Amino acid sequence: MSESAVKMLAPDDDGAWLKSLKSDVQPMTFKKGREVAESRRVSGLARTDVGIAATVTGSEGQKYQVQLAPTEEGGLESLCNCDAWNKYGAHCKHVVAAGLVYLTRIKAKQAESLPPGATPTPADADPVALPALAKLENWLGLSALPDLEFHYRLSPTNGAMGGRIWVVDVRRTDQAAKGPVQVKRILTQGTRVAPADERVLSMLANHEVRYDSKVVLNDEELGDVFEVMRARKVIYRGTSLSFPSEPARPIIRLHNTPDGATAKIEIGLPDGATISLKDAIILPGRRTWAVVGQGAYVLEPDFPPRLLRKWLLEPTMNFPTSQLDRALSFFAAHLPRYKLALQADGIDVDDTTAPKFILTVEGRSDHVKAQLAARYGKAVTVPVSATAQHLGYASGTGPEGRKLYLRQEAAERHAAKQLVESGFRFDETSTSFEANGDNAIQFWAKGRNELPKDWEMFAAQPPKVKVRAKLRPKIRVNMTAVNWFDLDAEFTSEDQSVDLGAVRMFLETGRKFIPLRDGSFAEADLDELKRVATLLEEAGALPGKTRTRLPLFHATALDLLATLGDVEIEAKARRAMVELREVDGIPPVKAPDGLHAELRHYQEAGLSWLWFLYRHGLSGVLADDMGLGKTIQALSLMLKIKKEQGSKPSLVVAPTSVLPNWEREIERFTPELKVVTWHGADRRENVEQLKGADLVLTSYALIRRDLDELRAVG
């Protein structure tokens, strides 16, 4: 708080400069500050040259130093050493509490200075009432007055039955010279005790059996109490015992001797120093502690008391020279499994080096075999497994001698996982990774370039695999002059293509990449290809062919191909497909000129339908009842054909008994039609008459016999 920003506080200060306190802070901050003030946790309140200062006790007994002062601009500035000061808005609850208590005291002094019977003027600032809180204290079980605080003195000594015991005496911080207090009496009398101390006292009360107010604990019992005692003041060897946050760890140290080696269990401290196990005090409670000097460290990993007692009884072991290599191999393989560090004379043990990964690959386009290795340092390389656990140390010998590297299990497992996610399968027998089919093609074409950039990759003559763009259908429908649809269908990727048969065979394999003629591959959308192939087959396309000729009745099936979007349909074919799809809207046609009759409305509809079938090369059956004029409808069609397309012979095959009726009907209604009645191929003049005929009449019997002759003359 800068002196230039504040002004001197007047001797008769009325606290008006604190009026803005409520508007400056958050509502919840002001509410909490009022609660702190009402709980009488503000102490040492005093005026300074520029403002006021006070000590505010936190909810867990912390002491916060607070300062407030008015500014030249009419506001106020503050300071507080709590973590929440100016974090959730201006000031904090401790500043609010100090300010409210100060205002309350000013108001009380003003009331004392008033004449008897006078009424004080209401102040703008909110006064703080300090009522008796007996009921509230009883309800919460907490006291508004400061809690008693304690500290704990530890003294190790030898027990009557051997072994170490600990004598603990508990003393009030404010009355330490008066000696230890009786723990059970403190708890049963309802004395105000800080909650953190009450937890410690409750545990110690279970062991208070002596008349001199001292508590006796063994190592395991003290280890249990340490967990709740670490937040309080503990005296050991005359000074405070610290509880560092970083743990201590067991270490196996291997020393060379003239006739072999000696392994010792030591304690490694966070600062890198080590201490012999016998020089540390081990407290194997529910959580193991190691007391070294004036520090109490949590021991990790947390081994059970059974192992700790065994280590304490036998902290060293000697190995003859003949067994040294086997012992070292055992340590290297299994100590990391239990998170035990290893240090050895003449051997550099590295626990921090990160591995570099080396990938060796070989194979063909649809198969790849890979070996993944982790390299530690410059000369130590070990194979990476996707399933191995408890990897231990990797051992190697270099220019500087033998060296052990702690294998980084998480890093190696992550590297193996990357290969598996790329489509590789791990083979435990050969400790290799293999990929086949689509996964292999994907790796050769793209996957190897997507591996981490810091991996080293070696490949012996890798195959040249090219993956082209996604395979897409290319479909075209046109129409020939003889009223047939021509369906051209193939699947293309850049300048390569495959037919429907190859796609159908490919779909049965379930592969993602389809081979092309030039040895490359095209990526395929299986669902899309299956849908297109099904529609093509329904439309009549034949596997193995890029062009299929289809009759017009396939128009509806071809129309479904248009739903694929990227289909080219020639204009003539599109018109035919529209007309064939909308058969209910057959366009009407007029009776041809030269027809000596007036058609009824249903006969006109019949003529329109026959003309529609003729134009599109379709067949049909005119199935009206007898006597409704089927013959005249057929003759009208033949006359219209002659009028619009010229003379084209039409063949009428009928029972012999009705041929004369056809001749009469033609002469009556369509005399312009040149008609010839076929009497057989044995009559020469009959054949000559066919030339230029518009209509040829014949019977069923003759047509079976003379069909070839009739075809010969057109």
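1. Basis. This is a predicted model: local features need pLDDT of at least 70, side-chain atom pairs count only at pLDDT 80 or more, and totals for chains, interfaces and linings use all residues. Residues are numbered from 1 along each chain as its sequence is written, and side-chain values use heavy atoms, with hydrogens and water left out.

2. Whole chain. The chain has 20 helices and 37 strands (DSSP runs: H or I of at least four residues for helices, E of at least two for strands, numbered from the N terminus). Of its 714 residues, 41% are buried (under 20% relative accessible area; exposed is over 50%, partly exposed in between; 1.4 Å probe, protein chains only). Take the contacts with a separation of 6 or more: residues 24 or more positions apart account for 60% of them. Contact means heavy atoms within 4.5 Å.

3. Helices α6 and α7. Helix α6 (residues 195-205) packs on helix α7 (residues 219-229) at about 165°, with axes 9 Å apart. Axes are lines fitted to C-alpha atoms, for helices over the stretch in contact; angles run from 0 to 180 degrees between N-to-C directions. The pair is therefore roughly antiparallel (angles over 145 degrees; under 35 is roughly parallel, 65 to 115 roughly perpendicular, the rest oblique). R199, V200, M203 and L204 in α6 meet D224, V225, V228 and M229 in α7. By class, this contact has six nonpolar, no polar and two charged residues. Ala, Val, Leu, Ile, Met, Phe, Trp, Tyr, Cys and Pro count as nonpolar, Asp, Glu, Lys and Arg as charged, and the others, Gly among them, as polar.

4. Helices α12 and α13. Helix α12 (residues 500-509) and helix α13 (residues 526-539) pack at about 130°, their axes 10 Å apart. They are therefore oblique to each other. The α12 side includes F506 and L507; the α13 side includes K530 and E537. The residues of this contact divide into eight nonpolar, one polar and three charged.

5. Two buried loop residues. R407 lies in the loop between β23 (401-406) and α10 (409-421). R407 counts as buried because its relative accessibility is 15%. Beyond residues up to four places away in sequence, R407 touches several residues, including Y376, Y393 and E412. G159 sits in the loop between β5 (150-158) and β6 (164-172). G159 is buried too, at 17%.
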